[in-house]
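This report describes a helix and its surroundings, a sheet, and a set of salt bridges. The sequence and structure come before the details.

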Amino acid sequence: MSRILIIEDEEAIADLEKDYLELSDFQVDIENTGDVGLKRALTDDYDLIILDLMLPGIDGFEVCKKIREEKNVPILMVSAKKDDIDKIRGLGLGADDYMTKPFSPSELVARVKAHLARYNRLVGTNEKKNDVVEIRGIKIDKTARRVYIDGEEKNFTTKEFDLLTFLAENPNHVFTKEELFREIWDMDSIGDIATVTVHIKKIREKIEYDTANPQYIETIWGVGYRFKV
Ligand code: CA
């Protein structure tokens with residue numbers, strides 16, 4: 001559930017905003033002064049802050065600036081005066097959006113939702129996700145270099161892992177043993193294309209239900225192998 005902080009000295013407005021946001025399943029806190037609101041914004045974790053401009057104590061300009069110095073949380077500024085909005089824009093305080101009072105509560109909710117979705121998308125792309133290849137019950141975690149067959153982890157040697165991953169990432173493509181050897185082994189490595197055959201056999205023993213009738217890595221007689229999708 002997303003948490004929202006409203007910093008607003010007019011209680012009737014703050015309560016109305018809170019009611020509407022709670023109807024949309026947000027968890028909402030209200031602070032009525034700039035200084036207490038700022039303190040709370042900095043110490044507590046909020047997903048979005050709705051900030052009034054004219055506040056007792058520190059005003060909204062200063063609160064916005066101070067929050068932005070420390071946090072990336074989306075800030076939606078509200079003001080009774082259209083001129084103030086222009087001023088906020090001009091100052092480049094780092095607010096994400098501006099609304100002039102009076103506004104309809106449903107518009108506020110719509111904007112809050114839009115900003116949260118946008119923010120989550122941005123944060124999402126910064127998260128380091130493991131690079132995973134998944135094909136019919138086989139899950140290859142390239143980052144952790146782990147392989148799961150129907151959810152059960154199987155151990156693969158480095159070359160077995162590289163070979164399986166290469167084939168699985170190029171499904172339906174037939175590779176000759178020579179191509180696979182060149183792709184997976186260094187030019188200098190000791191071995192020949194028979195090494196590929198041996199590794200394919202070992203991989204099959206780990207991933208195939210019936211090695212005599214492989215469902216994943218198919219032998220194309222006289223050519224090579226391909227990973228079936
Ligand atoms: Ca005010």
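A residue is called buried at under 20% relative accessible area, exposed at over 50%, and partly exposed in between (1.4 Å probe, protein chains only). Helices (H or I, at least four residues) and strands (E, at least two) are DSSP runs, numbered from the N terminus. The model is predicted: local features need pLDDT of at least 70, side-chain atom pairs count only at pLDDT 80 or more, and totals for chains, interfaces and linings use all residues. Residues are numbered from 1 along each chain as its sequence is written, and side-chain values use heavy atoms, with hydrogens and water left out.

**Helix H7**

Leu180, Phe181 and Ile184 are buried in helix H7 (residues 177–184). These residues lie on the same side of H7, because they cover an arc of only 100° around the axis, the arc being that of the directions from the helix axis to the C-beta atoms. The buried residues of H7 pack against helix H6 (158–169), strand S10 (175–176), helix H8 (193–207) and strand S12 (224–227); contact means heavy atoms within 4.5 Å.

**Sheet S6-S7-S8-S9**

An open sheet is formed by four strands in the order S6-S7-S8-S9, with antiparallel pairing; two strands pair if DSSP finds at least two bridges between them. Strand S6 (132–135) and strand S9 (152–154) are the edge strands, each pairing on one side only. On average, neighbouring strands of this sheet are turned by 25° against each other, direction ignored. Strand S8 (residues 146–149) is joined to S9 by three bridges, and isoleucine 149 stands opposite glutamate 152 in S9. H6 lies across S6, strand S7 (138–141) and S8, and runs at about 115° to S7. Axes are lines fitted to C-alpha atoms, for helices over the stretch in contact, and angles run from 0 to 180 degrees between N-to-C directions.

**Salt bridges**

With a salt bridge defined as a side-chain nitrogen of Lys or Arg within 4 Å of a carboxyl oxygen of Asp or Glu, the count comes to 21. Three of them are listed here.

| Salt bridge | N to O distance |
|---|---|
| Glutamate 62 – lysine 66 | 3.1 Å |
| Glutamate 107 – arginine 111 | 2.8 Å |
| Lysine 201 – glutamate 205 | 3.1 Å |

Lysine 201 and glutamate 205 are four residues apart in helix H8, so about one helical turn separates them. Lysine 201 is exposed, at 52% relative accessible area. Elsewhere, salt bridges that share partners join Arg3, Asp29, Glu31, Arg40 and Asp44 into one network. Glutamate 62 and lysine 66 both lie in helix H3 (residues 60–70).
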